[in-house]
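Let's walk through this model together, strand by strand and then chain by chain. Keep the viewer open and follow along as we go.

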Amino acid sequence: MFSENDQISIRQVFRLFAFDFIGGSTLVLPAVLSGLAGVDGLWSILLGGGIASLYLFYLGLVLRRIDTDFLTFLQQRLPVWPAKGILVFLTIHCVLVAGYAAYIFADVMKLGLVTGEKYSLILALILLAAAYAVCGGVESRARVYEVLFWLLFISLFLMLLLAARDMEAVNLTPFFAAPASSVGKGGCLVFFCMTPLFLTLFFPAYVGKGKRGKMVLAVFAALWFAVGVLAVFYVILIGNFGASSLAFMGYPAVTLMSSIELRGSFLKRFDAFMIGIWFFTLFALVNVFLFYGKLFLQKAFSCQTRGKKAAAFVTILILVYVTAMLFQMVGSAAVFTDYMRYFAIPFLVILPAAVFVRGKRTDSGSYL
Amino acid sequence: MRHHRSTIMTATAVFWGLVFCSAALSGCSATQLEERSFPMAALVDDKDGQVVFAYGFPALSQKDNTDLEVAKVNVPMTSGASFAESLAAYEGEMSKKADCSHLKVLVLGEQLLQDKKAFNDMLDTMEESDLYPRNTYVCVTKDVSVLFETEENLPQDLGTYLELFLQNHESDRQIRHENLGKLLDERRNRRKVVELPCLQVEEGAIVLSDPVSVDFRWEG
Amino acid sequence: MEEKTRISNHLEENFSVYQTLFKNCADIKMRTMYIGQEKRRKCFLAYIEVAVSNMLLENTALGRLLAALEKIPEDGINQVLSDNALGISDVTPYDYVEDAAQGMLTGDAILFVDGYPHALKIADKGYPGMGVQEPDSEKVIRGSKEGFTDSIKVNTALIRKRIRSTRVKVQEIKEGIRSHTSVDLVYMEDLAYPSVIEEIKSRLTEYEIDGVLDSGVIEQLAEKKWYSPFPQFQTTQRPDRAAFAILEGRVVLLCDNSPAALILPTDFNSFLKTSDDYYNRFGVATFARILRYLAAFFSMTLPGLYLAVTNFHTQILPTPLLLSFWEARIGVPFPAALEVILMELSFELLREAGVRLPGAMGNTIGIVGGLIIGQAAVDANLVSPIVVIVVAFTALCSFSIPNEEFAFAFRLLKFYIILMSAWQGYFGFLLGLFTILIHLSRLKSFGIPYLMPFVGADLTGYQDERDSIWRAPMRWLHRRPIYAKRSERIRLKKRR
């Protein structure tokens with residue numbers, strides 16, 4: 001009657017995307033930006049937000065001109081084999097991003113919560129839980145994150161407020177000391193972390209008709225919410241630790257949480273509880289790419305039956321697991337950054353326009 | 001279809017049952033609370049080129065049937081060529097695992113601060129292994145063993161006493177003493193001199209004297 | 001203004017209109033009979049079954065009237081009726097069928113006589129009263145103390161008593177091949193979605209079963225996700241709760257021989273509401289609601305959190321507390337996880353024993369078990385005192401959940417969280433919580449997401465959130481929740 005239709009609300013779109021953006025960016029970016037640009041990393045964040053906004057604007061233009069969601073358009077308007085090729089690449093992209101997110105996730109859990117446990121077991125548990133979440137479809141995940149949103153972010157804001165007490169003014173200077181190229185590089189890295197934006201193209205299938213404009217606005221709001229959180233986070237981290245020290249840290253967000261102490265309160269430290277924020281945000285990131293990876297693979301290989309769909313899903317899970325294990329073995333950040341810089345970003349920028357133009361060319365009432 | 005689904009459900013149930021049973025039987029990865037000891041203070045010094053190390057523990061009651069006996073961890077100071085070595089030797093002597101999540105104070109001997117190599121080596125070890133909490137107070141004393149001996153006359157263990165002592169001093173003077181986190185940060189940032197409180201023993205009582213400066217700015 | 005139907009001289013016309021008015025109302029009885037000396041003057045008596053039960057007794061007004069009318073010549077009946085000759089007090093004539101129907105809904109009988117252009121209301125208020133007992137669960141401080149009984153007719157009357165509207169419909173279905181148990185669907189015709197009613201009927205008729213002896217059997221057969229620990233039907237023994245649900249646009253299922261009514265659709269939030277949330281002022285109600293939500297959370301998570309913190313994340317606790325936990329654990333032969341599980345199981349045994357034992361013994365077992373056995377176990381160093389406190393507090397929290405079935409879900413899942421926390425610490429705790437949350441997000445009750453109104457509240461313009469973890473002041477609760485038809489969402493408005 002109400003919700004058998006795999007539809008989500010605009011509020012849920014906002015919250016889903018906010019989780020996707022915030023998880024990886026707040027964990028990984030601060031140390032990298034600090035090493036690149038120091039205090040001026042703040043401008044990198046704003047620059048990255050600006051680039052991401054332009055990208056979203058571009059995606060919005062593409063969406064406005066197609067009457068369905070991108071996946072349907074791709075399948076209907078492009079010849080079979082190019083469409084399958086694109087779907088396979090998208091699957092690989094989703095597997096890599098999900099694998100990287102899962103690697104960070106398992107790494108943070110191992111460092112912050114279960115130090116003595118094996119990485120492979122933690123990873124397996126994460127992927128099993130993610131698989132269960134994905135089985136419920138986009139609606140189920142959207143509901144989970146809708147419920148958790150304010151619970152997590154109010155806790156985060158309270159912790160940031162407490163951490164702000166320990167900031168030192170000397171750590172927040174000097175501004176405009178970093179070279180523009182460093183700030184630019186930092187901006188690009190911020191943009192890399194915002195590439196879940198690409199999934200905006202596939203979301204019209206899950207929102208009601210006539211709500212595309214609102215959907216894009218919701219994604220835009222989520223983007224700037226995430227940029228705002230990241231910026232505040234960065235300022236507080238720099239103020240607490242200093243740029244050079246921050247650059248040496250693995251996961252400064254976790255370190256910050258362990259530094260906050262409330263004298264006289266019932267609990268001494270909150271780091272274990274606050275890691276829960278990244279638990280849920282990283283889960284969102286793993287989930288969303290696992291979901292789309294599964295979807296793209298199923299579409300690429302025309303999996304119609306229940307058995308084939310299940311097989312595709314299990315394949316994706318195994319691939320993500322293996323990818324995350326590989327990331328742990330090699331120098332993951334550099335490998336992943338190179339992949340994003342040289343393959344993923346160019347592809348994700350060119351693909352929407354290319355598909356749209358190619359698809360429109362066949363728009364004379366007949367499909368190839 | 002139903003048979004297929006029930007087979008999957010049975011397989012899932014068996015799988016999770018095996019996982020949980022094996023986890024339960026394997027005893028999990030947790031160290032039980034009573035198998036840990038909680039040092040409140042860590043004391044590190046340099047004596048004749050060797051890094052000496054000891055933990056200070058709280059006095060806890062150990063129930064043995066109906067009798068209450070005072071139980072205290074008694075491990076003598078160890079020494080080694082480096083902090084890591086000395087620490088490993090100390091922990092090897094302990095019967096229980098040291099859980100340093102409640103460490104209050106890190107006391108450094110003046111000699112150690114003067115031995116830059118040993119000092120930096122110690123900080124490297126602490127930073128890489130995330131050994132002690134970042135909000136552990138750091139203070140300096142002339143000879144850590146002298147300070148350690150005053151514990152017998154203190155109302156609490158040395159670590160708890162020094163923590164309260166330093167907190168009271170902070171609130172009296174409206175200052176904030178540096179902790180281990182700030183020390184490690186400043187080692188990287190090299191923006192200012194770190195002033196560490198200096199403790200002295202005068203007539204059996206612990207007093208604060210002029211702070212000791214640690215300057216990382218000129219290091220390579 | 002609705003057009004009213006004037007009472008006709010022809011009995012069949014009145015009968016037809018009355019029947020239309022009370023279509024699908026199995027508890028409304030319309031009995032035709034013949035009065036007058038020659039027994040040729042037809043009449044029909046309309047009443048609510050059970051509410052007007054002793055109509056034939058001579059010492060009731062109705063009984064005396066009917067007896068007297070049997071002796072009067074046919075041509076004198078109208079005069080007698082008009083003059084109220086028998087001096088029966090509180091006999092009211094009606095000119096319109098709708099007025100007569102409204103009069104009947106107050107619990108009286110209505111007499112229509114062929115050739116007489118009025119209907120007579122004869123006072124005979126027989127609604128169940130003191131015979132109805134207070135329910136042994138769902139106790140409230142403020143509000144009605146009546147509970148459902150085993151009789152379906154009494155139960156529907158209890159609901160009718162609270163909603164005196166012709167739009168309350170009662171559809172009867174027979175369940176059980178051998179038992180032929182009556183199952184009534186009670187709903188408000190203009191509020192409930194027809195698709196929900198059809199879905200319920202379809203699920204009720206999906207299985208053939210020998211006998212339905214309690215509403216619990218129907219619940220189990222009609223639930224979609226039968227394997228979920230969370231109930232997808234809400235049960236209540238309170239008529240006011242059922243009436244309130246009907247006014248929200250929900251459907252109440254009454255089963256003969258069962259004092260537990262089923263309310264559907266339902267959601268997570270409904271299980272944590274009580275009737276007196278709406279009878280008390282909003283501050284009191286809000287405080288109680290938040291307390292219940294916290295209690296529900298801790299009833300499931302507290303033992304797991306204790307294990308996670310003491311075994312994995314000792315840095316969370318203040319040092320004095322940690323050291324006192326440490327001292328308490330010394331000499332206990334079991335690992336902490338096993339200690340917690342054993343204590344929880346012991347407590348569940350005590351609870352079960354307390355329920356099964358009769359009367360005073362059941363109360364005593366709580367004292368014996370809790371104080372003496374618990375204390376003895378601590379003295380013997382079998383368990384640490386802190387675990388006893390954790391288990392006791394967890395139990396208190398689970399008692400605060402108003403719905404027993406719903407509380408049971410938390411009691412079951414508590415063991416899952418304990419195992420996950422013992423295995424992987426706070427990571428395991430979060431995993432356990434997350435999987436439960438995912439499961440809840442996938443649950444639906446007749447199409448309504450179980451996590452309403454925390455999700456999907458945009459469907460009602462976020463109004464449903466006003467009655468969730470907090471309860472807005474009564475004058476802000478203008479709209480019915482999502483269960484009601486969209487065109488009938490307004491339930492409160494100011495007159496001036």
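Strands count as paired here if DSSP finds at least two bridges between them. Helices (H or I, at least four residues) and strands (E, at least two) are DSSP runs, numbered from the N terminus.

Before going further, a word on the ground rules. This is a predicted model, in which local features need pLDDT of at least 70 and side-chain atom pairs count only at pLDDT 80 or more, while totals for chains, interfaces and linings use all residues. Residues are numbered from 1 along each chain as its sequence is written, chains are lettered from A and ligands numbered from 1 in the order in which they are written, and side-chain values use heavy atoms, with hydrogens and water left out.

Back to β5(C). Tyr94(C) has Ala119(C) as its bridge partner in this strand. On another pairing of β5(C), strand β4 (residues 109-113) of chain C is antiparallel to it over 4 bridges, and there Ile110(C) stands opposite Lys121(C). β4(C) and β5(C) form a hairpin with 5 residues between them, and Gly115(C) in the turn has a positive phi of about 90 degrees. Which way do the side chains of β5(C) point? Ala119(C) and Lys121(C) point one way from this strand (residues 119-122), Leu120(C) and Ile122(C) point the other way, and all are buried. Buried means under 20% relative accessible area, exposed means over 50%, and partly exposed lies in between (1.4 Å probe, protein chains only).

Now step back to the whole of chain C. It is divided into domain 1 (11-122), domain 2 (152-266), domain 3 (282-445) and domain 4 (452-488), with bounds that come from an automatic or database domain assignment. The C-alpha centres of domain 1 and domain 3 of chain C lie 62 Å apart.

Further along chain C you will find an open sheet of 5 strands in the order β6-β7-β9-β10-β8, with antiparallel pairing. Its edges are β6 (168-175) and β8 (234-236) of chain C, and each has a single partner strand, so one side of each is left without a neighbour in the sheet. The twist averages 25 degrees from one strand to the next. The partner of β8(C) is strand β10 (residues 261-264) of chain C, joined to it by 3 antiparallel bridges, and Gln234(C) stands opposite Ile263(C) in β10(C). Helix α8 (residues 239-247) of chain C lies across β7 (181-188), β8, β9 (251-255) and β10 of chain C, running at about 50 degrees to β7(C). For such angles, axes are lines fitted to C-alpha atoms, for helices over the stretch in contact, and angles run from 0 to 180 degrees between N-to-C directions.

Next, the interfaces. The size of an interface is often given as the accessible area lost when the parts come together. Here buried area is the accessible area (1.4 Å probe) that two parts lose on being put together, summed over both, and contact means heavy atoms within 4.5 Å. Between chain C and chain A about 3700 Å² is buried, with carbon and sulfur atoms giving 69%. Ile316(C), Phe427(C) and Phe434(C) supply 19% of the area that chain C buries against chain A, more than any other three residues. Between chain B and chain C the buried area is about 2200 Å², of which carbon and sulfur atoms give 65%, and the contact takes 24 residues from each of these chains.

Salt bridges (a side-chain nitrogen of Lys or Arg within 4 Å of a carboxyl oxygen of Asp or Glu) cross these interfaces too. There are 2 between chain C and chain A, and Arg11(A) forms a salt bridge with Glu465(C) at 3.0 Å between the closest N and O atoms. The interface of chain B and chain C has 1 salt bridge, and Glu34(B) meets Arg329(C) in a salt bridge at 2.7 Å, N to O.

Finally, look within chain C at Arg351(C) and Glu348(C), whose closest N and O atoms are 3.9 Å apart in a salt bridge. Both residues are buried. Salt bridges that share partners join Glu344(C), Glu348(C), Arg351(C), Glu404(C), Arg411(C) and Lys414(C) into one network.
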